[in-house]
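Here is a quick tour of the model, written with your viewer in mind.

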Amino acid sequence: AEAYAQLQTELLEIQKTATTQPKMMEAVALAASKLEGFIAAYPGTEEAKDAKLQLGMMFASVGQFDKAVPFLKDYVKIGEEGDERVGYAHFYLAESYKSIDEFEKAKEQYKIFVEEYPLVNPKFLAAAQGSLEDIDVLKTLAVGNEPLPFTVEGLDGKKFSLADFKGKVVLLDFWATWCMPCKQEMPNVIRIHQKFNKKGFE
């Protein structure tokens with residue numbers, strides 16, 4: 001217990017150094033190294049279990065979902081059923097699975113969170129419920145799937161569909177005139193089009 005308390009103090013000090021994105025990633029790597037070292041030194045202890053949860057949640061929080069999954073999977077197996085920390089592990093595991101396109105596994109974890117841990121965190125509950133509603137759509141739109149067919153009308157009134165561009169590389173950029181970041185991105189879209197248009201890029 002004393003060693004784990006010392007580790008938590010060290011992790012708080014490491015967290016204070018994460019003032020920029022590069023420094024944050026350095027802090028994550030250092031914190032992960034310390035947590036993994038603790039798990040190796042004190043296997044099977046309650047503190048080691050908690051360290052696994054911390055690792056999983058930390059990796060998920062910084063977008064390193066492939067690293068988060070094994071720790072979170074392990075924690076939901078070894079944690080005590082009904083413990084709210086297990087609920088958090090299910091939620092972060094669902095988020096991680098969704099982010100790496102493992103939609104059925106994500107759906108399973110969201111359902112567990114919603115059905116068994118509805119009181120853990122109202123915001124997380126709403127997010128999980130929303131994800132359950134949207135996950136089949138996300139699955140359909142996942143990278144590598146066939147795009148959904150659609151037809152639109154150009155500024156000249158002429159209709160065209162995505163199928164008209166079969167065999168070509170197509171960039172779809174959905175934007176609006178009232179969207180400032182969209183307007184700011186437009187010169188980059190034009191530049192890419194000019195650079196690759198002769199090679200069949202639409």
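Val 152 has a relative accessible area of 34%, so it counts as partly exposed (buried is under 20%, exposed over 50%, and partly exposed in between, with a 1.4 Å probe and protein chains only). You'll find Val 152 in strand E1, residues 151-153 (helices, H or I, of at least four residues and strands, E, of at least two are DSSP runs, numbered from the N terminus).

Val 152 also belongs to a nonpolar surface patch of about 520 Å², together with Phe 150, Phe 160, Val 170, Leu 172 and Phe 174. Patch members have over 30% relative accessible area and no salt bridge; like charges are joined within 9 Å and nonpolar side chains (Val, Leu, Ile, Met, Phe, Trp, Tyr) within 5 Å. Areas come from the Shrake-Rupley method with a 1.4 Å probe, and for residues only the protein chains shown count as cover.

## Ground rules

This is a predicted model: local features need pLDDT of at least 70, side-chain atom pairs count only at pLDDT 80 or more, and totals for chains, interfaces and linings use all residues. Residues are numbered from 1 along each chain as its sequence is written, and side-chain values use heavy atoms, with hydrogens and water left out.

## Two helix pairs

Helix H2 (residues 21-41) packs on H3 at an angle of about 155°, the axes being 9 Å apart. That makes H2 roughly antiparallel to H3, and their crossing is left-handed. For the bookkeeping, axes are lines fitted to C-alpha atoms, for helices over the stretch in contact, with angles running from 0 to 180 degrees between N-to-C directions. Angles under 35 degrees count as roughly parallel, over 145 as roughly antiparallel, 65 to 115 as roughly perpendicular and the rest as oblique. A crossing is left-handed if the near helix is turned anticlockwise from the far one by less than a right angle, and right-handed if clockwise.

Now look at H5 (residues 84-99) and H6 (residues 103-116): they pack at about 155°, with axes 8 Å apart. H5 and H6 are therefore roughly antiparallel to each other, and the crossing of H5 and H6 is left-handed.

## Salt bridges

Side chains of opposite charge can pair when their charged atoms come close. How many salt bridges does a search of the whole structure find? It turns up 11, taking a salt bridge as a side-chain nitrogen of Lys or Arg within 4 Å of a carboxyl oxygen of Asp or Glu.

One of them links Lys 49 to Glu 46, at 2.9 Å from N to O. Both residues sit in helix H3 (residues 46-61), three residues apart, or about one turn of the helix. Lys 49 is buried at 15% relative accessibility, while Glu 46 is partly exposed at 45%. Lys 98 and Glu 95 are three residues apart, so about one helical turn separates them.

In H6, Glu 104 and Lys 107 are also about one helical turn apart, being three residues from each other. Salt bridges with shared partners join Glu 104, Lys 107, Asp 136 and Lys 139 into one network.

## A buried tyrosine

Is Tyr 75 buried or exposed? At 3% relative accessibility, Tyr 75 counts as buried. Tyr 75 is placed in helix H4, residues 65-78.
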